[in-house]
Amino acid sequence: MQYDNPLIIQSDKTILLDVHSPRAEECRMALIPFAELERSPEHLHTYRLTPLSLWNACSAGIKSEQIIETLNEFARYETPQVVKAWIMSTAMRFGKITIKELSIRDLSGKQVDETNAEVADETCASQPTETEAANESSDESGKLEYLELHAENEAIYREIQSIKSVSKYLEPCENENSFCILLTYRGTIKQELLKNGWPVKDEAPLKDGAPLEIKLRDTTLSGKKFTLRDYQIEASHSLVGDKRAGSGFGTIVLPCGSGKTIVGLSIMNELQTNTLIVTTNISAVHQWISEILDKTELTKEQVGEYTGEEKVIKPVTVATYQVLTWRPDKTGPFPHFQIFKKNNWGLIIYDEVHLLPAPVFRVTAEIQAVRRVGLTATLVREDGCEGHVFSLVGPKRYDVPWKDLEGAGFIAKAECIEVRIDLDSEKELEYAVANSRDKYKIASTNKNKLTMVQSLVQKFTKDKILVIGQYLDQLDDVAKLLNAPIITGKNSTKERDELYSQFREGKIRVLVVSKVANFAIDLPDASMAIQISGTFGSRQEEAQRLGRILRPKERTSRFFTLVTRDTIEENFSANRQKFLTEQGYAYKLIRSNQLDDMLNEAECDD
């Protein structure tokens with residue numbers, strides 16, 4: 001029994017972290033790879049062990065014994081035996097089912113002897129009837145490409161066979177405890193097995209795409225010296241590996257402002273192949289293209305844009321999720337999915353992978369033979385679909401705590417302040433009788449927030465400020481009050497890019513933005529964000545918004561969140577902050593009438 005240790009591990013697989021313990025910070029860093037933060041009040045933070053958190057750790061090479069050793073090292077009381085047993089049994093599931101390379105069969109059902117193995121014709125008696133699936137799984141000679149789904153023992157083999165959502169994709173195989181599966185079902189089967197508690201270790205080799213010479217510059221087009229940082233190189237290598245089976249796919253988690261785009265370029269440089277990049281919006285597309293041309297020796301003729309404004313497919317093509325998921329009617333096909341087959345891609349980069357839309361998940365399930373990487377600041381998804389990212393894009397290959405990069409100077413230091421503001425007295429009765437959704441909107445659009453925004457902008461005259469919100473009417477009011485330009489979905493891409501450019505150049509000091517600026521926008525000089533409203537309790541949105549001000553700079557960045565006191569908005573705000581709290585950010589909570597004291601302290605800093 002070590003009373004100075006910070007962890008209390010409970011039999012329900014929750015872990016309490018005493019933040020006042022001398023080893024609390026060290027312990028928090030040790031928990032990040034395999035535990036998820038659930039609650040973070042003042043004194044005890046609650047983490048939970050989940051199957052997915054353990055399997056992500058296993059995929060990164062962390063063994064169950066190491067996890068248990070970590071818990072034992074920091075535990076105040078003995079780790080419950082039931083928890084240790086659960087960790088061992090759950091972690092052991094990773095690798096019990098594998099996908100491996102098999103041979104190729106022709107369309108008639110006769111196996112081609114590419115592995116010197118003879119398989120009877122009846123092995124293929126159960127050919128899939130879906131013509132599309134057959135076409136997608138066939139090579140240029142008309143042969144169907146198959147993989148082997150192998151279970152470690154007969155019990156697991158029988159269990160797989162009994163899962164209805166999986167069994168329809170399985171065909172007999174001569175190899176013991178194995179099934180044959182069509183290549184096109186590779187991702188779908190992994191997805192369905194994960195739902196049933198079985199992570200699949202994919203060891204089948206990936207196809208090489210068309211070769212493309214890609215070379216990183218030593219000096220950018222803008223004349224700056226360009227070198228990769230150590231963690232960017234490590235992240236790139238963690239994905240590419242030795243280019244053998246089991247490597248070449250996965251997710252890389254790095255803070256906003258740390259250069260995830262550069263990691264993508266590094267992976268392209270290692271693989272030297274045609275690349276499709278999918279990102280969040282047209283401004284992000286233009287930003288990717290600008291970075292590619294600035295930091296590699298690729299030419300404009302080799303880089304294409306595939307958006308609602310321009311559709312050109314080139315050896316490197318940058319597209320938006322929106323154009324890929326567009327369709328003429330709600331029940332029809334997605335016509336732009338053809339881009340995935342219009343070129344011999346050797347790499348697909350999913351930027352902001354935590355936003356991957358459901359229709360793109362479907363395509364991602366079908367193109368499992370292509371090397372792929374998801375880039376994100378947080379794998380948190382409020383729809384609970386982190387498992388889809390794990391099974392279809394790939395497990396987490398690389399992660400680094402935000403505070404580590406802050407300490408090394410690779411991202412800016414940031415101070416997070418939540419300001420509690422009284423509700424507009426005219427809205428008190430309306431709030432009292434409203435339903436939950438309307439309560440949130442009334443609290444979020446509280447007019448008293450406008451005065452606070454104005455005070456902050458007038459006080460911090462040396463900062464370049466983003467005012468970020470969810471509701472367009474509220475943003476319009478703020479823009480008029482501050483006489484500041486505004487960016488929403490109503491602006492054309494040209495208008496957005498021009499305003500972003502003016503902000504970067506210092507011609508604009510204050511910019512009002514809606515959620516269109518949450519992702520993939522590089523505004524390196526932004527040093528303050530004022531969040532006036534958000535998408536309910538979205539943790540990933542909170543992380544992305546802080547990320548807008550984390551580009552390295554000498555000043556300490558400030559992230560203000562305005563919350564209406566004694567309303568439902570307080571609860572949603574607490575949930576939004578969980579991920580950043582896990583990363584080590586502490587929110588300073590002040591009342592609106594305490595702001596002057598805080599501002600006077602800040603004046604000394606400025």
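Contact here means heavy atoms within 4.5 Å, and the exercises below concern a predicted model.

**Exercise 1. State where Ile-486 lies, and identify its contacts beyond its neighbours within four places in sequence.**

Solution. Begin with the element: Ile-486 belongs to strand E19, which covers residues 486-487. Next, once the neighbours within four places in sequence are left aside, the residues in contact with Ile-486 are Leu-475, Asp-476, Ala-479, Asn-491, Leu-499 and Val-512. Finally, for a separation in space, take Leu-472, which is 14 residues from Ile-486 in sequence and 9.9 Å from it, C-alpha to C-alpha.

**Exercise 2. Describe how helix H1 packs against helix H3.**

Solution. Start from the geometry: H1 (residues 24-31) and H3 (residues 64-74) have axes 11 Å apart, and they pack at an angle of about 165 degrees. Since angles over 145 degrees count as roughly antiparallel, H1 is therefore roughly antiparallel to H3. The handedness comes next, and the crossing of H1 and H3 is left-handed. Turning to the residues, H1 brings Glu-26, Cys-27, Ala-30 and Leu-31 to the contact, where they meet Thr-70, Leu-71, Glu-73 and Phe-74 of H3. Sorted by class, the contact of H1 with H3 comprises five nonpolar residues, one polar and two charged.

**Exercise 3. Carry out the corresponding description for helices H11 and H20.**

Solution. The axes of H11 (residues 282-295) and H20 (residues 493-504) come within 9 Å of each other, and they cross at roughly 60 degrees. This angle makes H11 oblique to H20, and their crossing is right-handed. On the H11 side the contact is made by Ile-282, Ser-283, His-286 and Gln-287, and on the H20 side by Thr-493, Arg-496, Asp-497, Tyr-500 and Arg-504. The classes in the contact of H11 with H20 are two nonpolar, four polar and three charged residues.

**Exercise 4. Determine the geometry of the aromatic pair of Tyr-3 and Tyr-77, and explain which parts of the chain it ties together.**

Solution. A search of the whole structure gives eleven aromatic pairs. In the pair formed by Tyr-3 and Tyr-77, the centres are 6.4 Å apart and the planes stand at 85 degrees, an edge-to-face arrangement. Tyr-3 is in the segment before strand E1 (7-9), whereas Tyr-77 is in the loop between H3 and helix H4 (81-92), so the pair ties together parts 74 residues apart in sequence.

Note on methods
Residues are numbered from 1 along each chain as its sequence is written. This is a predicted model: local features need pLDDT of at least 70, side-chain atom pairs count only at pLDDT 80 or more; totals for chains, interfaces and linings use all residues. Side-chain values use heavy atoms; hydrogens and water are left out. Axes are lines fitted to C-alpha atoms, for helices over the stretch in contact, and angles run from 0 to 180 degrees between N-to-C directions. Helices (H or I, at least four residues) and strands (E, at least two) are DSSP runs, numbered from the N terminus. Angles under 35 degrees count as roughly parallel, over 145 as roughly antiparallel, 65 to 115 as roughly perpendicular and the rest as oblique. A crossing is left-handed if the near helix is turned anticlockwise from the far one by less than a right angle, and right-handed if clockwise. Ala, Val, Leu, Ile, Met, Phe, Trp, Tyr, Cys and Pro count as nonpolar, Asp, Glu, Lys and Arg as charged, and the others, Gly among them, as polar. Rings of Phe, Tyr and Trp (its six-membered ring) pair if their centres lie within 6.5 Å; planes under 30 degrees apart count as stacked, over 60 as edge-to-face and the rest as tilted.
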